[in-house]
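Please find below a short note on the chain under review.

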Amino acid sequence: MDQIKIGKFLRELRNEKGITQEKLGEILGVAGRTVSRWETGFNLPDISLLVMLADFYDVDVREIIDGERKQEFSEDEKTATEAVADYATIDKSKTLGMVRWLGIIGTILMLALFAMQCKSYEVTAFKTVSLVVTFVAFSAMFVMTLYVNDKLEQIVKNKTVINAIKISAIVIGGVCIRYLFMIILMLLYIVISMFDESDKPVSGIDNYDKAVLVSENHSDLDSYFKVFPDDTANMVEATYVSKLPSNLVGTTGYTILEATYSKDDYEKELERLSDISLTIENGRVDSDEKITQDIMYDESMYAYPAYIAADGNCGTYEYALLDESECKIIYVLVKYISETDIEEINAMGNYLKADTAEYEEAGIETWKKFSIYSYQFPGTKELSGYEE
């Protein structure tokens with residue numbers, strides 16, 4: 001079968017009719033560019049369209065297949081050719097019907113998935129990328145469904161619909177700029193982090209400076225390091241390790257201070273910890289409402305009794321573990337720690353929760369978890385935070 005020859009023959013037949021490719025496409029229900037592909041030999045008409053072409057050009061289907069005019073065919077040959085074309089049309093209709101239904105079901109499922117992701121969305125790099133990928137997949141499935149249901153070409157020809165789509169795209173694009181910007185920042189961070197050594201732990205008690213920790217990290221870590229002591233003057237022995245790399249998507253990691261005190265100083269430090277409380281004001285301009293948040297004491301969450309300032313709020317855990325037998329206090333702050341961070345902390349001691357997977361739960365409305373640094377007042381949608 002010579003496709004080039006068939007294409008030339010189809011072009012000759014169309015020229016004899018004196019019509020354009022676009023006009024023929026309208027008659028057959030296909031695009032003008034599809035007719036062009038037939039006539040250049042790039043593609044061949046579907047067998048179900050051959051009968052329509054043959055009837056329109058007043059030739060036999062076999063003449064089109066051969067790419068030239070022939071003598072008269074017998075009635076049996078014509079009947080057999082038409083029967084094959086009818087069979088192909090029925091078979092194609094069944095297959096296309098299944099594809100159409102699969103397309104509709106797939107589009108509905110992708111839309112449902114996108115809606116569920118929007119409902120549980122939190123501003124994290126992973127959540128943002130997942131949301132964008134789901135939206136792109138939904139859009140592709142929607143366009144494919146329109147195409148197989150013969151609606152896409154009708155939409156393209158409808159200027160009102162096209163204008164509406166353009167306006168919607170501009171609006172959606174404007175809303176998505178923020179998230180696209182976050183993706184770009186995340187990619188930049190990945191590239192920069194390949195050459196960055198800032199995630200190496202800083203160790204040594206001489207490097208401990210609470211004022212620096214607060215000024216550099218309180219915004220990203222949602223903490224003012226209240227459980228941590230102001231200085232190390234009263235400590236008999238102390239070790240300090242901090243790994244808080246700041247990057248384009250925020251600050252994560254851990255800070256751990258192990259301090260051994262004399263018996264009297266240990267008791268004084270316990271008293272300081274037990275008295276920690278913060279007053280938070282309602283962030284609304286028209287409100288003077290306040291609330292006092294007290295530090296939480298717990299003996300079951302960790303391997304040691306603990307005073308807890310934050311228990312997963314926005315991913316931050318801040319607490320002081322009490323080892324009374326050694327007059328030792330372990331001050332800990334962690335936020336979205338990695339498996340490597342967990343291994344490093346476990347090498348220091350049993351300072352984390354038994355279920356370390358909890359530290360990675362970034363997408364389960366962590367803002368609702370306990371923290372003395374923030375509170376959601378009744379009737380408000382956002383958290384009000386503590387400010388010094």
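**Note on the sheet and its helices**

1. Serine 242 has threonine 255, in β5, as its bridge partner. The coordinates belong to a predicted model, and the remarks that follow should be read accordingly.

2. The pairing around these residues is antiparallel: strand β2, residues 235-243, and strand β5, residues 253-261, are joined by 8 bridges.

3. Helix α10, formed by residues 210-221, packs on the sheet. Its contacts are with β2, β5, β10 (316-323) and β11 (328-335), and its direction makes about 50° with that of β11.

4. Helix α11, residues 263-274, lies across β5, β9 (306-313), β10 and β11. Relative to β11, helix α11 runs at about 35°.

5. In what order do the strands of the open sheet come? The order is β1-β2-β5-β11-β10-β9-β8, a sheet of 7 strands with antiparallel pairing. The edges are taken by β1 (202-203) and β8 (296-298); each has a single partner strand, so one side of each is left without a neighbour in the sheet.

6. For the chain as a whole, the secondary structure amounts to 12 helices and 13 strands. The chain has 388 residues, of which 37% are buried.

7. Among contacts in the chain with a separation of 6 or more, 61% are between residues 24 or more positions apart.

Technical notes:
Residues numbered from 1 in each chain as written. Predicted model: local features only at pLDDT ≥ 70, side-chain atom pairs only at ≥ 80, totals over all residues. Heavy atoms only, no water. Helix = DSSP H or I, 4+ residues; strand = E, 2+ residues; numbered from the N terminus. Buried < 20%, exposed > 50% of the residue type's maximum accessible area, 1.4 Å probe, protein only. Contact = heavy atoms within 4.5 Å. Pairing = 2+ DSSP bridges. Axes fitted to C-alpha atoms, helices over the stretch in contact; angles between N-to-C directions.
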